[in-house]
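Grab a viewer and work through these exercises with the model open beside you. Each one sets a task and then walks through the solution.

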Amino acid sequence: MIFLKTFVAVTVAGAILGSACMIISVFAQNVTTLYFTIGIGTGFGFGLIYLPAIVSVTTYFEKKRSLATGIAVCGSGFGTFIFAPIITKLLAEYGWRGAMLIIAGTVLECILFGLLFRPLENEDEKNLHRELQPKISLKSAEAKIDLHVSERDLHQLSTINGNGEIHRPHSVGHFSMPRGTKLLEPSKNMANGKHSEGSRLALSQPMLAQTERPYQRYGSQSLRRHGPLDKPDVFYQGSLMNIPSYRSRLDLKNREESAFLDRRHSSSISYRRRHVDNKSETIFCGLVPCSQDTKDTLKEMLDISLFKDWIFILFTLSNFLTSIGFNVPYVYIVPKAKSMGLTSDEASMLLSVIGIANTFGRIVLGYFSDKPWVNRLMVYNWCLTLCGIATTFSAFCPTFYTLVLYASVFGFTIGAYVGLTSVILVDLLGLEKLTNAFGLLLLFQGIASLIGPPMADDFAPGNYGLKDQVMVLKFVQETIECFGGDKNRVTIFGQSAGGGSVSLHLVSPLSRGLFQQAISQSGVALDLWAKPLNPLQVQITAALATFAGCQAQLANRADLLKCLREVDAQKLAETADKFKYFSIEPLTPYTLVTENKTAANPNPFLEKQPLSYLQDEEFLKVPWIVGNVQDEGILRVAQLVRQPETLKALNENFKTLITQLLALQVSVGENTTSLYDNMINFYLGGKSSIDVNDPKSVQGFIDLYTDRSFTYGTYQTAILQSQKGHTPIWMYNFDYRGQYSYGDQFAATTDDINFNWGVSHCDDLLYLFKSPALFPDLAKESDLKMSEALVTMWTNFAIHG
């Protein structure tokens, strides 16, 4: 009755927690909040709901446990079948927030189901003992172990002979071997390619290798004196008739004596516990108070000694890889279907097909796995193999019906992974190691499930601007000779973001062979603003969807992408201003991302961080010019110090804003204080403010921005590539200040301060290209000479290298 109350309490608590966190999620304004409310809160609540349901099956059923477990867990498959179209309708009708609220109410109904748990019907052991005592004259088995019994089971005692001895029927699956015999040990016949019946069965069901152990209680018997987690078979989803030590009941006298000793042992334990409890101290599981039983169970589940067993290591690796891909079809089959032009109803129907096939698979595989003639390990392996092959070829499914076929195969075969894992663990390692093995396995499955869907996210992999540049370079290669050019003398050059793009083409495998020389002006791959930031872009995308009016499509990536592509280009560009938290920061919220190479994204631009490409010497070693202008930081400082209200706001909250503006957390994480203090001491003389009347203060601020955003990245990139054998590399520093400057444009004001401004970011462009929308044509003699020199230098490099 105690454990019934525990089951009910845990289920009710899980339903309340899961539902409450989903309701809180309705008010979430960003993805980070959903990580905690849905990912952690609701996930933990669902775990509390799930555990009592599964553990109760292990206590209620013994013989047909695989079938019972299959039926119990098929609710998730059936739920997928039912809820896929329902949720699609809810999203269309109420949006994701309204749909979340309705589903939260549905989850709350689990309270009612939790209240339906009922206790086991206890057998009257005394009556059972009284009924058996006069009928059976117990005779000890002569040091033999019964490995299998007939289907009539041993509780049918109609075959007792006149001598009071139990007649053991000779069924096909019935044979005995002397105690201590090792079934897994190769026999002489095996060396000749033959297997005895005993060795054949041992190979099919490795768990049948038996060792001498004291009598253990299984199934519902153990619950009469112990908690659910005290049972060795609590996580075992197969029939207990598959466990030799449970089936072997030849020595019924020892069994009856064990029952008697068990009662005495229980009383003894009860006394000892009362005695010890009076002296015991508070026990902690980490930082949380817990009972000794809980601590012992956790210790057993997380015992890493199993990693010495190579069989367990291989099985864990297999489960880890399977778990990586387990959730991928559920997450991405709908977006894939919509990308093929299928309707929302057809796409959601695919999830329903997976659900119904999974339901059928769990029941069927659970039923057959209880059969003694079934090699469960072979069934398990073949199911996962077929599942993996089907998923691989799903990328090439051209029609709705081929996707239906894939969904059916995946749903059915993945049922083996859910229903037979614990059964296989017992077959491979033995029942006594199940709790430990299952605990460690769940740990790795959780990690794999966390990283799986993001690894497979190739629906909108990103870096499209750089991929467009690659397409242009390919076009140049295909057509340049038509214009009298040489496809083997192609030079690419760019400034600022363009300079960073040039540097990135040096490292990207996608750009190999498309150019022979490069020039990077004021931008390289290792600049702070060029760093790929995948987690940030997930949040940026969610915010962009809200700003662009596509928040209702956030739950479905295909719908979200379709919605964003239909937004007017001008409106989409203007949403960038809504990300700004101070002045014009950030200049742009969008960054590069690293991509995964998949069937849908066979040619990623970047598969890893640019720094990793350089460290691994995976870059083009073509002639390269790279450099900066003297005062790149004017790009931002001009506006911050020339606009009085902006400067006032900056100085009033200097540390917080500078930490954000210079993205210090990208370099050192959340603990930015030390880096901030060092920067302020070096560049600003230890003052946490900017004094526009002090030229050193303003110039120090410019230098801080210059080094942080540009110069450091340039030097780091050039030095690292040089160390890896990249030659020739020419570095330059442009410090010519002419009649015009982009600094006046960046200031966005006619107000000025008493300061001798230097060479601003973009000033070198004045001498390479005309900019009639911003500046008059160059007229000053020195400006014209600089323009001629710079153009000549760049063109000579392109022609002669």
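At what angle do helix α12 and helix α16 pack, and how many Å apart are their axes?

Before the solution, some ground rules. This is a predicted model, where local features need pLDDT of at least 70, side-chain atom pairs count only at pLDDT 80 or more, and totals for chains, interfaces and linings use all residues. Residues are numbered from 1 along each chain as its sequence is written, and side-chain values use heavy atoms, with hydrogens and water left out.

**Exercise 1: the helix pair**

Step 1. Find α12 at residues 310-326 and α16 at residues 400-429; helices (H or I, at least four residues) and strands (E, at least two) are DSSP runs, numbered from the N terminus.

Step 2. The angle comes out at about 160°, and the axes lie 12 Å apart. Axes here are lines fitted to C-alpha atoms, for helices over the stretch in contact, and angles run from 0 to 180 degrees between N-to-C directions.

Step 3. That makes α12 roughly antiparallel to α16 (angles under 35 degrees count as roughly parallel, over 145 as roughly antiparallel, 65 to 115 as roughly perpendicular and the rest as oblique).

Step 4. Now list the contact, meaning heavy atoms within 4.5 Å. From α12 the residues include F312, F315 and F326, and from α16 they include F410, Y417 and L428.

Step 5. Sort the contact residues of α12 with α16: 12 are nonpolar, four polar and none charged. For the sorting, Ala, Val, Leu, Ile, Met, Phe, Trp, Tyr, Cys and Pro count as nonpolar, Asp, Glu, Lys and Arg as charged, and the others, Gly among them, as polar.

**Exercise 2: what is covered?**

Decide how far β6, β7 and α24 are buried. Buried means under 20% relative accessible area, exposed over 50%, partly exposed in between (1.4 Å probe, protein chains only).

Step 1. In β6, five of its five residues are buried: Q517, I519 and Q521 on one side, A518 and S520 on the other. In a regular strand the side chains alternate between the two faces of the sheet.

Step 2. In β7, six of the six residues are buried, so this strand is largely enclosed by the rest of the structure.

Step 3. Helix α24 (residues 634-642) has nine of its nine residues buried. These pack against α25 (644-652), α26 (654-661), α29 (695-723) and α30 (743-747).
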